[in-house]
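Hi everyone, thanks for making time for this.

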Amino acid sequence: MLRRLALGLLLCAASGVSAEEFQTLKGHGGPIMALAVNDRGLVASASFDNSVSLWQEGAPSWLEAHEAAATVVAFGPDDTLFSAGDDFVIYRWQQGLPQEIGRHTAKIRALDLSRDGEWLASASWDGGIGLWPLSAGTPRRIAVGTGVNDLAFDGAGRLFVATMTGQIQVFDSPEAAPRILAEQGFGINRLVLSDAGWLAYGAVDGGTRVINAETGAEIADFTLDRRPILALAHHAESQQIAVGDGHGYIMMIDTHDWSIARDFRAMREGPVWALAFSKDGQRVWAGGIHDVIYGWPIALMASSPAAGTETRTFLQAPENMPNGERQFMRKCSVCHDLVATEQRRAGPHLAGLFGRPAGSLPGYRYSDTLAQSDIIWGAETIDALFDLGPDHYIPGSKMPMQRITAPTDRQDLIDYLKTATQHSEDN
């Protein structure tokens, strides 16, 4: 391990990277759900704020089309980018313009491009895999029968699939019945597939295992007492796997000798949802509950403090605030600001909310349903929104499905918003 650390420090010094060059990419207005890096070193990100971004030299180019959280990004050739999300839609982005190439009927969890560049595969919680032709051909669907969390093509065109029921399935062709490569009692969230003949996966129970991609025989087990595993990334040239978990740790695995090279607390609070290596493998980018993308020089990880210096409002201790504010922080604050701000959020700001027609705030991309409604926000309509739930009160809107069932909690929220949104407008 000391030899690897010394080598990493020398590489960092040679390239001008130092401890002071811990990097952040700022601009999103919601948790970071997915990251990808292409052959030119461009970073792509997807966020709960519904936005996708391309980052070059720290500056974002915003890609706006999703009507719910963007949760997946994947690069194709020539800087082509694919994205998908909780709106069930897959977009191909070229020169900043979106082209819809497919839809599912539930959340999309992963995308992968075939090695020949002809097909894009998508994994969804609707119990199926989508196969989308990128030049010629007819879209196809493979029924899996359970939610699919991740997938990857190998060089022979086979598709390896991770399911919510804890299986790794292999499809030799779209028509063939799947072969069960591995099976366990907990859902498998992520997998990475290597041309060296192994497959690594991370599961809900905290399992991090490496198996033979042909036989399923176990090669290594890196399971620790942290769960769930939420992110995996592989850098073939430097022989590294990065593993992110629900406790905010990143574990670095050396695939040369199957050892844990580093294990450190990356996030001060919340999980690690997204990981991606830089092109040269000397840096790992990570995202989680905060709005910021963090980039660590790998050789300096052990000496770096956990990222995230401010507690997200929706994670604050409930005893530190009155009930109405607590309801807002837990139900609303991840999507909405109380003040008029240009910060990116999944929802519009709430300044001057009472008496405002729904769907009327300039500059926000509302769903057609909300933009065409006759709702005027006030005590009665806010109460009905959280009593019935947005999916019933305003079917077809972008608001997430949630309710506040206790009438006293709804009234406390309304009382809090009356004061907070009026005050924010006045300021």
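How do the residues of the lining of the largest pocket divide into nonpolar, polar and charged? They come out as 28 nonpolar, seven polar and 12 charged, where Ala, Val, Leu, Ile, Met, Phe, Trp, Tyr, Cys and Pro count as nonpolar, Asp, Glu, Lys and Arg as charged, and the others, Gly among them, as polar.

A quick word on ground rules. This is a predicted model, in which local features need pLDDT of at least 70 and side-chain atom pairs count only at pLDDT 80 or more, while totals for chains, interfaces and linings use all residues. Residues are numbered from 1 along each chain as its sequence is written, and side-chain values use heavy atoms, with hydrogens and water left out.

On confidence, pLDDT is the predictor's confidence in each residue, from 0 to 100. The protein chain has a mean pLDDT of 90, and 92% of its residues reach 70 or more. Please be careful with residues 1–20, though, where pLDDT stays under 50.

Back to that largest pocket, which has a volume of about 1600 Å³. On a 1 Å grid over the protein atoms alone, a pocket is an open set of points with protein on both sides within 12 Å along at least five of seven lines, a cavity is a set where a 1.4 Å probe fits but cannot get out, and lining residues have an atom within 4 Å of a point. Grid points are joined across faces, edges and corners, and a volume is the space filled by probe spheres set on the points.
Among the 47 lining residues, Ala36, Val37, Phe75, Asp112 and His234 are the closest to the centre of the largest pocket. The elements giving two or more residues to this lining are β2, β6, β10, β14, β18, β22 and β26; helices (H or I, at least four residues) and strands (E, at least two) are DSSP runs, numbered from the N terminus.

The second largest pocket holds about 1100 Å³ of space. It has 46 lining residues, with Ser397, Lys398, Met399, Pro400 and Met401 nearest its centre. Here α4 gives the most to the lining, with three residues.

There is also one cavity of 30 Å³ or more in the whole structure. The largest cavity has a volume of about 50 Å³, and its lining includes Phe222, Arg226 and Asp245.

Now the cores. A nonpolar core is a set of buried Ala, Val, Leu, Ile, Met, Phe, Trp, Tyr and Cys residues joined through side-chain atoms within 4.5 Å. The largest one has 24 residues, and Phe328, Trp377 and Tyr416 are among those with the most contacts inside it. Its largest share, five residues, comes from α6.
Tyr416 touches residues including Phe328, Met329 and Leu338, contact meaning heavy atoms within 4.5 Å. A second, separate core of 19 residues includes Phe264 and Val292.

Arg344 is found in the loop between α2 and α3. Its C-alpha atom is separated by 5.9 Å from that of His28, 316 residues apart along the chain, and Arg344 also touches Asp49, Trp62 and Glu64, among others.

How values were computed: Buried means under 20% relative accessible area, exposed over 50%, partly exposed in between (1.4 Å probe, protein chains only). Lists of a residue's contacts leave out its neighbours within four places in sequence.
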